[in-house]
Amino acid sequence: MKDDFYNILGIDKGATTAEIKKAYRKKAIAFHPDKNPDDPSAEEKFKKAAEAYEVLSDADKKARYDQYGHQAFEGGGFGGGGGGGMNMDDIFSQFGDIFGGGGGGGFGGGGFGGRRTVKGSNLRIRVKLTLEEIANGVEKKIKVKRKKVAAGTTYNTCRTCNGSGQVMKIQNTILGRMQTSATCSSCGGAGQSVDKKPANADTQGMLATEETVSIKIPAGVVDGMQLKVSGKGNDAPGNGISGDLLVAIEEIPHESLQREGDNLHHDMYISFSEAALGTTKEIDTVTGRVRIPIESGVQSGKILRLRKKGIPSINGYGTGDLLVHVNVWTPKTLSKEQKEFFEKMTDDPHFQPKPEKEDKSFFEKVKDMFS
């Protein structure tokens, strides 16, 4: 069982963005490996704090974590934004600004290890899924255009910044001489400059390519949810870290099923004669067609519950139900003979409404459905 992200940072769910950042900085400084060389557990605590901060500092990820917990970022090879698989380069490249040392971070501006690690930009795609694919989980092969370091490209340490990616500037102000840091203009902050590259590569030794990426999407995802495939974004120049591929889920509306959380709803229409005599109907579910017996004398508004025929919970808390709403269809036009038949039946006691205790109102049925 993974530790709760709020407990890791020592904050509550109502913490502001500034409070989350402050709590992470405190934990990261306390557990930084350089300050704890004799404590092998410090690095693990340092990584856990970074993973918690990555999720809680992002409004979208935080909302999904608050709703679904760790399961929102697990399954199918996805991480929450780390998912426990973060390495030190990931942390330093993404959160270095927390420590005031520019992109690479560091105590006193020195940087972690002295060299800035650059991360490539993320890519974003949208994947459309049917209800059947959402219910069963699916693997999609998607063609992605991404920049990769061209074969044969070599890099040297940037002479301008000596590999730090930052240059120091001294400015004279009314308060005296002030020292500031800025991204190195020679290498763009990468800390390395191109030594050799093929003719078809750009100035940073990058080449636009098209790659087929296999994406495993777990069952139970929700429309609008964003998943992440680590390392499948754009490469970074030099020995940087590849960006990530962010996958936004879009649910394709189903022809006869409507989703409500993990439950599904289906409107079934039957005729007067079918309602009076009883019948058997076939309907679609996310796992195939099923036959449903309809008892004689069924009333319009009755709800039939097909257990575990809905959507699996992404949290692993079971599977929702399929709720079939029975609607007795009233004919809009009648022949002369049909009119005469119903006129004769108007006063027939069998055609007079006689609701019994078990014939609940619509309001009571809705209450039962959610109880």
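Here is a walk through this structure, from the whole chain down to single residues.

Keep in mind as you look around that this is a predicted model. Start with the big picture: the chain folds into nine helices and 15 strands. There are 371 residues in the chain, and 39% of them count as buried. Now think about who touches whom. If you take the contacts in the chain with a separation of 6 or more, 64% of them are between residues 24 or more positions apart.

Let's begin with the helices. Helix H2 covers residues 17-31. Which residues of H2 are tucked away? The buried ones are Ile20, Ala23, Tyr24, Ala28 and Ile29. When you look at a list like that, one piece of background is handy: an α-helix has 3.6 residues a turn, so residues three or four places apart point the same way.

Next comes helix H3, residues 41-56. The buried residues of H3 are Ala42, Phe46, Ala49, Ala50, Glu51, Ala52, Tyr53, Glu54, Val55 and Leu56. Notice that the charged residue Glu54 is on that buried list too.

Follow the chain onward and you reach helix H4, residues 59-68. How do the axes of H3 and H4 cross? They come within 6 Å and cross at roughly 105°, which means that H3 is roughly perpendicular to H4. Where they meet, H3 brings Glu54, Val55 and Leu56, while H4 brings Lys61, Lys62 and Tyr65. Sort the residues of this contact by class and you get three nonpolar, three charged and no polar ones.

Ser121 sits in the loop between helix H5 (88-95) and strand E1 (123-129). With a relative accessible area of 42%, Ser121 is partly exposed. Setting aside residues up to four places away in sequence, Ser121 touches Gly233, Asn234, Gly243 and Asp244.

You'll find Gly243 in the loop between strand E8 (226-229) and strand E9 (245-251). Is Gly243 buried or exposed? Its relative accessible area is 0%, so Gly243 is buried. Leaving out its neighbours within four places, Gly243 is in contact with Lys119, Gly120, Ser121, Asn122, Gly231, Lys232, Gly233 and Asn234. Take Asn122 as an example: Asn122 and Gly243 are 121 residues apart along the chain, but 4.7 Å separates their C-alpha atoms.

Strand E2 (residues 138-149) holds Lys148, which is partly exposed with a relative accessible area of 31%. From C-alpha to C-alpha, Lys148 and Ala208 are 6.5 Å apart in space and 60 residues apart in sequence. Beyond its neighbours within four places, Lys148 is in contact with Gly205, Met206, Leu207, Thr209, Glu211 and Asp235.

What about the cysteines? Cys158 is buried, at 3% relative accessible area, and Cys184 counts as buried too, at 1%.

Asn162 has a positive phi of about 55°, although it is not a glycine. Asn162 belongs to the loop between strand E3 (154-157) and strand E4 (166-173), and at 63% relative accessibility it counts as exposed. Lys308 isn't a glycine either, and its phi is positive at about 60°. Look for Lys308 in the loop between strand E14 (303-306) and strand E15 (322-328); with a relative accessible area of 65%, Lys308 is exposed.

How values were computed
Residues numbered from 1 in each chain as written. Predicted model: local features only at pLDDT ≥ 70, side-chain atom pairs only at ≥ 80, totals over all residues. Heavy atoms only, no water. Axes fitted to C-alpha atoms, helices over the stretch in contact; angles between N-to-C directions. Helix = DSSP H or I, 4+ residues; strand = E, 2+ residues; numbered from the N terminus. Parallel < 35°, antiparallel > 145°, perpendicular 65-115°, else oblique. Contact = heavy atoms within 4.5 Å. Nonpolar A, V, L, I, M, F, W, Y, C, P; charged D, E, K, R; others polar. Expected span 1.5 Å × (residues − 1). Buried < 20%, exposed > 50% of the residue type's maximum accessible area, 1.4 Å probe, protein only.
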